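Please look through the sequence and the three-dimensional structure shown here before reading on. The report that follows goes from whole chains to single residues.

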Amino acid sequence: MASKFWTQGGSDTEEEETDIEDEIENGGAGETTAAAAGSRYLQTNASDSDDSDGQKRVVRSAKDKRFEEMASTVDQMKNAMKINDWVSLQESFDKINKQLEKVMRVTESDRVPNLYIKCLVMLEDFLAEALANKEAKKKMSSSNHKALNAMKQKLKKNNKQYEELINKYRENPESEEEKFEDEDEDESGSELEDPSQIAAESSDEDDEGEDMDDDDADGAWEKKLSKKEKLMDREFKKDPSEITWDTVNKKFKEVVAARGRKGTGKFEQVEQLTFLTKVAKTPAQKLEILFSVISAQFDVNPGLSGHMPINVWKKCVQNMLVILDILVQYPNIVVDDMVEPDENETQKGADYDGTIRVWGNLVAFLERIDNEFFKSLQCIDPHTREYVERLRDEPLFLVLAQNVQEYLERIGDLKSAAKVALRRVELVYYKPQEVYDAMRKLAELSEDGEKDGDETKVEETRGTSAFVVTPELVSRKPTFPENSRALMDILVTLIYKSGDERTKARAMLCDIYHHALFDEFSIARDLLLMSHLQDNIQHMDVSTQILFNRAMAQVGLCAFRVGLIAEGHGCLSELYSGGRVKELLAQGVSQSRYHEKTPEQERLERRRQMPYHMHINLELLEAVHLICAMLLEVPNMAANSLDAKRKVISKTFRRLLEVSERQPFTGPPENVRDHVMAATRALCKGDSQKAFDIINSLDVWKLLRNRESVLEMLKAKIKEEALRTYLFTYCSSYDTLGLDQLTRMFDLSDAQIHSIVSKMLVNEELHASWDQPTRCIIFHDVEYSRLQALAFQLTEKLSILAESNERAVEARTGGGGLDLPLRRRDNQEYAAGTAGGGGGRWPDLSYGQGRQGSSGRAAYTGGGRPLALGQASRDRSGQSRGYSGRAGSGMRGSQMDASARMVSLNRGVRG
Amino acid sequence: MANSMAKSFLQVAATEEVVSPLRVVQIEGLVILKIIKHCKEFSPALVTGQLLGLDVGIVLEVTNCFPFPIREEDEEIEADGANYQLEMMRCLREVNVDNNTVGWYQSTILGSYQTVELIETFMNYQENIRRCVCIIYDPSRSNQGVLALKALKLSDSFMELYRANSFTGEKLREKNLSWMDIFEEIPIKVSNSALISAFMTELESDTPVTQCDYDRLQLSSNPYMERNMEFLIECMDDLSVEQQKFQFYYRSLSRQQAQQQAWLQKRRADNMQRKAAGEDPLPEEDPSNPIFKPIPEPSRLESFLITNQIANYCNQINGVSGQSFNRLYLMKSLHDN
């Protein structure tokens, strides 16, 4: 039925339908269903007029038609205003906006029609009126009230675009209201800047590059800014002689007060303040304003994780230098952040004799600048040119730091000077001599060129209007000593003298790192051990811990380079024990399979990453660690082949070896790990040449400065360990072994072999003796009797028992004697001594007989007993006997590892 | 023999009231031979048997014994064992042999007899017979030319504690009982009738040394030492298990104490408030609270026994190694001669 009806009516309403469609096209798209009734009315209204104009459609231009439409909407709005109908007013407003778009499209001009502006003004007035009339507002229906509020928002947002035009329009008909309105609009306009726009602006700023003061691209605030500028210029420029300290101070206070407010544009503020520096009347005032400029520049930084725009950073540095200029020029000005200075302190002119206190903290600013530099390096992709460009700014900072430090030293603030010195140290400590030289050269070269440019730029910005002209007193060029060591020494000495705890610790770590970088292992080690840093590093902050890890890694590499394998392994094994090297060195985020990080943690971790140019090459580190482990572990495994579990030197290495042995097919080595494993296999057979060849084929060696000598050392070490491994493995097969044969096999000199073998004999690793006349090693076949083996086992059990006894006493007496751990360690050492001494540790000898006997006993005791005996004939051997002893010794082993990790540095050179 | 026995009877009748401590176990030679035969034949299986005899004042006379049959694993034949025992006693009485049970004998390996079972058996016997002994024979040790025979009884103070089943540290300290005071060894005196002694003298050969003496010179003590060591190691393991029990106990005890303290603190604070509000304070003890339930202290019995065992092994090792040294010196001097 319905369809029938519709089809019938179809022809009748066709025309109307098309009209309605047209209408919808015109304006109705944005209308909400909630306001359906109103829209209906409007539509019909509109279509009416449309219809009536329908005849003339051919005659009139499209432009006129649109204007017509608009006018009618305005009429509607007027009507709605009369009856105070905000709902329909809102709809009409939406409609008129749509229409405006079309009008603009048709007229193809940027000019907004006057009609529209007039309408806006009208609306605004009405809105203000409605808002003012509280009585009426209360009486409104809820939908009406809602519409009023919505309208208020919309209008504000909308009007912002046409501010100027509105103002112009207002100026013409009603000029007396101007001031108030102007203010109002400013406020509202900036307040409602939506975030996307701000983002767009700031991103624009980022892209903009060098000069952002005179030419800005974006619309909204730029116009406002120019207006402000105009305003200021009006205030100051028109009569330079009239500008007093008071006016500047007032304006300054005003601008500073606006800081941090919601509507305050950050760049704008920087601009305003920069302008104010030009008109500052006294040096102290200029200084004060400059401090504010820098703070404002810091504010520009979009977030905690993002970095400050580079050009702003550079400006910041320049401003700092100007501050220093002023401070140097007027030594009576004191910068202080402890006391709130007098309100009119800065009024005192340049000729004032007494001290002028200005609020500010140079060190904090400097540290902030450094942090921003660091952050920018973290954020920039290290493989781009941008990164390199950014790195070139380093000398700039170093100049600043140097100057600040000099200034602080001059005024006797050594503690702060130490802090600044630490910042400098942290920029230098990781640089090898080559890099340092390069930086020096760069600083010398580029500074010359750049300085001119900078100066002119500074000159430009300052313009002729700067009242307080500051000559460049502080040098703009860094002075570097020839040698980075010399620089480090100077800075570090200062820090040690007057730094606080953390500064000293960090400086110490940097110092250690630097020494290690320069292959001065013993100095680095002594510093590390003397400072006792490893004892309390757990209590320090994370970034210091990272620095500690870096220093340890570098000391490890250094030990390896100078041929101290055991020490190198001692330093590095800790890093590799957890498989989180990247995380420990802050050189990348390691993904853990078992433990999901929260986004918060991840962000924190990302924030403490090291910039790329400070990284320690992880491949090299891994190679060194594994090679050290290999050189120590292979002979050790050969020596203790009977009991593989005992005396593990490097668990990591053992695990890797197990994995590689489990592989059914071993392909040619690809990564560092494969290479070392392949070398290990060769070394296990005593094939030193092959092992060395494999190691040599690693391409990380090209990262070493003294590659040749290191490889030479490595070759010698591999030969030596191959010899030791061979002797351990095959000593049982020989009665005697000729020195000459060994010389031939391992390509070592007689003296070397003699010394290696003798050392093994002395350490009781090898049970043999030299037979000098025949140049032979005579092996003694030493094998323990079962009784001796059992005695060993018993002593071990006893020591475990004694240990747990001690622990029990400790728990009973409430934690205690300092001598306990010491004694325990002695026990371990003793146990280890008895274990290692023989070169063969008895594995768990099967208790064949004893067990049988006792189990037999169990069986028999059940028998033939009288009533009394018969019951509960459980033998002791039947008790469940957890093998606590084993577990205990395992634990002990790990303890020993832990205690030995740092001490291993102490021990003499092995091999 | 019969004469002396009659006198003994008289003595018993006279001193019945006075409980005199047991000083000597007097064993007939025949009994010893029977025990040795039984134990040796079944070695290394462990066997037991009944001792029969008389309790005469400070002397416990063991005049006869009979072995228990070795039984299969099945527990159900236990009644058979009891029947056998009773039957045997009846038969012996009929042939007019002493049929008072005075204890039992058992064989052991390397002196590992200090077990809870032994103590339980002892306590069982003690219920019926005031004085009983356990004779322990170690065939493995006898191989070395020693008569490894021991008569044991439990000390009175220990029995008291055992009956009360209170082997806490406090009680032990109170009684001043250490691990050495569990067992008492009673000297054994071997007695033979004059006739047998005369016969033995008749049998004795003229040679100055006997087979037993040769045995004593045997130098290989290694296997014996090894097994001692093995058992020692086992003991160590057991001891550490015991120790862990104690550690656990102390840990939970301290935790409980901390909990109690916290609870008390809270309760006191509450009471203060209640007092301020004019209410009656709550009791400061709450027996229903689980944190006030005392944690049972682990018994020390096991560790005492293990310690005893260890001491035993150590003695054995000591003895054997001492003898071995003697033999070695002897051999050396022989060589030198």
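## How to read the model

This is a predicted model, in which local features need pLDDT of at least 70 and side-chain atom pairs count only at pLDDT 80 or more, while totals for chains, interfaces and linings use all residues. Residues are numbered from 1 along each chain as its sequence is written, chains are lettered from A and ligands numbered from 1 in the order in which they are written, and side-chain values use heavy atoms, with hydrogens and water left out.

## The two chains in outline

Chain A has 40 helices and five strands, whereas chain B has eleven helices and eight strands; here helices (H or I, at least four residues) and strands (E, at least two) are DSSP runs, numbered from the N terminus. Of the 911 residues of chain A, 45% are buried, and in chain B, with its 337 residues, the share is 44%. Buried means under 20% relative accessible area, exposed means over 50%, and partly exposed lies in between, computed with a 1.4 Å probe and the protein chains only.

Contacts, meaning heavy atoms within 4.5 Å, can also be sorted by separation along the sequence. Among those in chain A with a separation of 6 or more, 69% join residues 24 or more positions apart, and for chain B, counting residues at least 6 apart, 76% join residues at least 24 apart. The accessible surface, computed by the Shrake-Rupley method with a 1.4 Å probe, is about 46,700 Å² for chain A, with 52% belonging to carbon and sulfur atoms. Chain B exposes about 19,200 Å², and carbon and sulfur atoms supply 55% of that area.

## The nonpolar cores

In soluble globular proteins, nonpolar side chains tend to be buried together. A nonpolar core is a set of buried Ala, Val, Leu, Ile, Met, Phe, Trp, Tyr and Cys residues joined through side-chain atoms within 4.5 Å. The largest such core has 168 residues, and Ile512(A), Phe560(A), Leu621(A) and Trp701(A) touch the most other members. Helix H29 of chain A, residues 618–639, gives this core its largest share, 14 residues.

Leaving aside residues up to four places away in sequence, Leu621(A) touches several residues, among them Ala553(A), Leu557(A), Leu572(A), Tyr576(A) and Ile616(A). A second, separate core of 28 residues includes Val74(A), Met77(A), Ile117(A) and Cys119(A).

Which residues of helix H34 in chain A are buried? In this helix, which spans residues 739–746, they are Leu739(A), Leu742(A), Thr743(A) and Phe746(A). They cover an arc of only 105 degrees around the axis, taken from the directions from the helix axis to the C-beta atoms, and therefore lie on the same side of H34(A). The buried residues of H34(A) pack against helices H33 (707–730) and H35 (750–762), and also against strands E3 (736–738), E4 (768–771) and E5 (776–779) of chain A.

Just after H34(A), Asp747(A) takes a positive phi of about 60 degrees. Lys719(A), found in helix H33 of chain A, counts as buried at 12% relative accessibility. Apart from residues up to four places away in sequence, Lys719(A) touches Ser688(A), Phe746(A), Asp747(A) and Leu748(A). Phe746(A) also belongs to one aromatic cluster with Tyr726(A), Tyr730(A), Tyr734(A) and Phe779(A).

## Aromatic pairs

A pair of aromatic rings is described by the distance of the centres and the angle of the planes. Rings of Phe, Tyr and Trp (its six-membered ring) pair if their centres lie within 6.5 Å, and planes under 30 degrees apart count as stacked, over 60 as edge-to-face and the rest as tilted. Over all chains, the structure holds 18 aromatic pairs. The rings of Phe66(B) and Phe68(B) have centres 5.9 Å apart and planes at 85 degrees, so this pair is edge-to-face. Phe66(B) and Phe68(B) are both buried.

## Residues in loops

Ala586(A) lies in the loop between helix H27 (581–585) and helix H28 (599–607) of chain A, and has a positive phi of about 55 degrees although it is not a glycine. With a relative accessible area of 1%, Ala586(A) is buried. Arg775(A), in the loop between E4 and E5 of chain A, likewise has a positive phi, near 50 degrees, but is partly exposed, with a relative accessible area of 32%.
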